[in-house]
Every structure is written in structure tokens, then in C-alpha cells.
Amino acid sequence: MVSRKPRRPKAAGAPPVPESRGRTPQRAAAPSSPAGQAIGRDNGYSRTITDTTAPDTVTATVLAFPEPPVRRRRRWVIISVVSVTVVVAAFLAFLFLSPALALKTVTVQGISLLSKEQVNSSLQPLMGRPLTTIGDDDVAALLADRPEVAGVHVVAKPPHEIEVTIAERVPVAVLQSGTEFLLIDQEGMVIGSAANRTDARLPLIDGGTEAVNSAVFSTVTSVLSVLPEKVLAELDHASASSVDSVELKLINGQTVFWGSAEANVAKARAVEAMLQMPEKDPPVRVFDVSTPTAPVTR
């Protein structure tokens, strides 16, 4: 007779529990996921991956290494270069294209032969251009047809003004052409005119306009170019029969024998000093400065 173990009473309302006959209890299954899907978690520094396709759950952790410093520096360099390029381009566009720096006023200095109206009229094409695009060459090109101008210098005065300083050619003598008197510089360039001889107030070179073609013309003008303004104002005319015989005739009738064009500066000082001497009796007719270290009077 076989004895059986008494059964435990079932709890009220509890489902029946099947008996296990020699089977190993099954492990609770992991939450199901679609076939072939891996479940991962990322916390910024590492990534955990769970593969649910294998019979048993497999978990792997992938480390996220920080970006190399070289690559990070390279990126910042590129960003910096692009930013600087954009800023420089914007600045250049402002300087060369912006109407904020447009020319509206021209101030002229250094003129005596030219008038401000003449200069402003010649420079009218520059009005409205940005100051940064106007230089000495631009102004010189517009004044190229003015023989009085030897050179120019331009200074920009933002936002709307430029200052133009003009170096004029210096007249040293007068040539007579018919009833007109032409002012010439040391090189023989005509830089102005006078209606009569009195208005010229410069020595007249004998020979008319053809004097510029003579062999002694440059010798005479080189002498006149070193004379002080006070002495020039007292001269009536200049002449030379050769390069060694330059003569200057004063308004009062006295004569300065200059000789050659050597030691011009020393001769000019001697003439200036001799003209300041007290008058003599009889009056001096000739001042000879051909030897400036030993000038004589006759």
C-alpha cells in the first residue's frame, strides 16, 4: 500500500499550479523586442548596447573617446580665419564703397599763380568719390594741363574733405612776345603772362621767345633762379653774349657783371650785400661779382 503526501490546500481564488515532473524551472524571459533590434543607453561618455537577438542577452559597453586636441584647434583656427576675413571684407567695403566718406570739400594751399576757383574747377570730377580712393596721382592727373603746377600733395581729412597743397613753378624771368609778356621758370616753361611790363616785376631776357633756343639761355636762367626776391625786384633785364659773360641790368641803370654760372650762390650773396651799401659819389655804375670772394665796383 502506497502512502501519498497530503496535498496543500489551494488558496481561494488562486489559479492551479501545474506540477513539475523532473523539469528545470524556466528562467523568466527578458522583455521582448523586435527581431534584430539592439537596445542601447548613452550617458555621454560611454554607450551600453544590449543585443536581444541571441538566445541569451548580451550586453556590451562602447567608450566614447574625447575629440583629439589637434582636431579641435584646427576647427577653431578655421572658424577664426573665416571670421577675420568677413570682418576685413566688411571694413574694406566701408572704406572704398561707403558714401559716408564721399568727397564734398577741397581745401587748396600753396598757390599764387593759380586761383582757388581754377583748382576747384579742375578737381570737380573727384567730388563724390570716397576719400580712400583719392591720391596724389589722381589730383596731379587732373591738373596736368596747368603749367603752373610742379607737384601736388594730398591729405585726406575725413569724413568729407581733402587738403591739396600745390607746389608751383617759380617764375624767374619774362620773355616778350608781341605786346604780351610771358613768365617763364628756370627751364624756360611758360607758366603765366602779364599784360604789361610793369605787372611782370621780373627781369626781361633779351631776344624774345627765341631766347629759349639760345646756347646761353639756361645759363641766364640758372643765375636768375638763385637771386633773392628783393634783388629780382630791382632787375630790369638780363643778357649774355656767352656763357661767361652774364650781365644783369638794374632798374636804376646800374649793371651787375656776373660772369659765368659758377659759384652762383656766393655771387648772389655778394650782390645782395653790395646793393645795401650806402650810395657813393660818384655813384657806382658796375658791380662786378665775377670773383665773389673779391667783388669790386666801378
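With which residue does Glu-148 form a salt bridge, and how far apart are the closest N and O atoms? In this predicted model, in which local features require pLDDT of at least 70 and side-chain atom pairs count only at pLDDT 80 or more, whereas totals for chains, interfaces and linings use all residues, the partner of Glu-148 is Arg-146, and the closest N and O atoms of the two lie 3.4 Å apart. Residues are numbered from 1 along each chain as its sequence is written, and side-chain values use heavy atoms, with hydrogens and water left out.

The protein chain contains seven helices and 15 strands, where helices (H or I, at least four residues) and strands (E, at least two) are DSSP runs numbered from the N terminus. Of its 298 residues, 28% count as buried, a class defined by a relative accessible area under 20%, with exposed residues over 50% and partly exposed residues in between (1.4 Å probe, protein chains only). The accessible surface of the chain comes to about 20,400 Å², and carbon and sulfur atoms account for 56% of this area, as computed by the Shrake-Rupley method with a 1.4 Å probe, only the protein chains shown counting as cover for residues. Among contacts (heavy atoms within 4.5 Å) between residues at least 6 apart in sequence, 42% join residues at least 24 apart.

Side chains of opposite charge can pair when their charged atoms come close. A search of the whole structure identifies six salt bridges, each being a side-chain nitrogen of Lys or Arg within 4 Å of a carboxyl oxygen of Asp or Glu.

Arg-169 forms a salt bridge with Glu-187, for which the closest N and O atoms are 3.6 Å apart. This pair links distant parts of the chain, since Arg-169 is placed in the loop between β6 (161–168) and β7 (173–177), whereas Glu-187 lies in the loop between β8 (180–184) and β9 (190–194), 18 residues apart. Arg-169 is partly exposed, with a relative accessible area of 21%, and Glu-187 counts as exposed at 64%. Arg-169 and Glu-187 are, together with Asp-185, linked in a network of salt bridges.
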